[in-house]
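Subject: Structure for your files

Hello,

Here is the structure we talked about handing over. Please open it next to this message, as the notes below go through it piece by piece.

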Amino acid sequence: MGLFVILGRNSNIPILLDESEDKMSIISMGVDVANPDIYKTACGKGYWKCEKNEPEVINLKLPAINFFQTESANSFFYWDRKKKAFKRIWISD
């Protein structure tokens, strides 16, 4: 199973964001839009100690992909304009 994104209307090149060998995980995984806002991250909520360069909060300026497992963990994939790449941040464990 994989989570892919295609940027732009004229692009046909998928970007792999996440993958799993567990084919049954498709049953419990979901995607949604994370609207621009300020969110506490998993480490900011105290799930674990924030590592260097791991923020306690994230301020989304653009919509992001909320990738989650039902009644379990979720993370956001958001576009980093400076690096011109997607980054992942954990929101819950």
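β7 and β8 form a hairpin with 4 residues between them, and K84 in that turn has a positive phi of about 55°. Strands here are DSSP runs (E, at least two residues), helices are DSSP runs of H or I with at least four residues, and both are numbered from the N terminus. The model is a predicted one, in which local features need pLDDT of at least 70 and side-chain atom pairs count only at pLDDT 80 or more, while totals for chains, interfaces and linings use all residues. Residues are numbered from 1 along each chain as its sequence is written, and side-chain values use heavy atoms, with hydrogens and water left out.

The hairpin and its sheet

Strand β7 covers residues 74-80 and pairs with β8 in the antiparallel sense over 7 bridges. Two strands count as paired if DSSP finds at least two bridges between them. Within this pairing, S75 stands opposite W90 in β8, and F77 stands opposite R88 in β8.

Loop residues

K84 is placed in the loop between β7 and β8. K84 counts as exposed because its relative accessibility is 65%. The classes are buried (under 20% relative accessible area), exposed (over 50%) and partly exposed in between, with a 1.4 Å probe and protein chains only.

E71 is found in the loop between β6 and β7. Phi of E71 is near 55°, a positive value in a residue other than glycine. With a relative accessible area of 84%, E71 is exposed.

E21 sits in the loop between β2 (15-19) and β3. Its relative accessible area is 80%, so E21 is exposed. E21 and M1 are 20 residues apart in sequence and 6.5 Å apart in space, C-alpha to C-alpha.

Strand β6 comprises residues 64-69. The side chain of N66 makes a polar contact with the side chain of N74 at 3.0 Å. A polar contact is a pair of N or O atoms within 3.5 Å; within protein, one must be able to donate a hydrogen and the other to accept it, and residues adjacent in sequence count only if both atoms are side-chain atoms. Not counting residues up to four places away in sequence, N66 touches G30, V31, D32, A34, N74, S75 and F76. Contact means heavy atoms within 4.5 Å.

Y39 is in strand β4 (residues 38-40). Y39 is partly exposed, with a relative accessible area of 22%. A polar atom of the Y39 side chain lies 2.7 Å from the backbone oxygen of N35. Leaving out residues up to four places away in sequence, Y39 touches A34, E56, V57, I58, L60 and F76.

The largest pocket

The largest pocket has a volume of about 230 Å³. It is lined by N59, L60, K61, L62, P63, Y78, W79, D80, R81, K82 and K87. The largest share of that lining, 3 residues, comes from β7. On a 1 Å grid over the protein atoms alone, a pocket is an open set of points where a 1.4 Å probe fits, with protein on both sides within 12 Å along at least five of seven lines; lining residues have an atom within 4 Å of a point. Grid points are joined across faces, edges and corners, and the volume is the space filled by probe spheres set on the points.

The chain as a whole

The protein chain has 0 helices and 8 strands. Along its principal axes the C-alpha trace spans about 40 × 35 × 20 Å. Buried residues make up 29% of the 93 residues. Among contacts between residues at least 6 apart in sequence, 41% join residues at least 24 apart.

Regards
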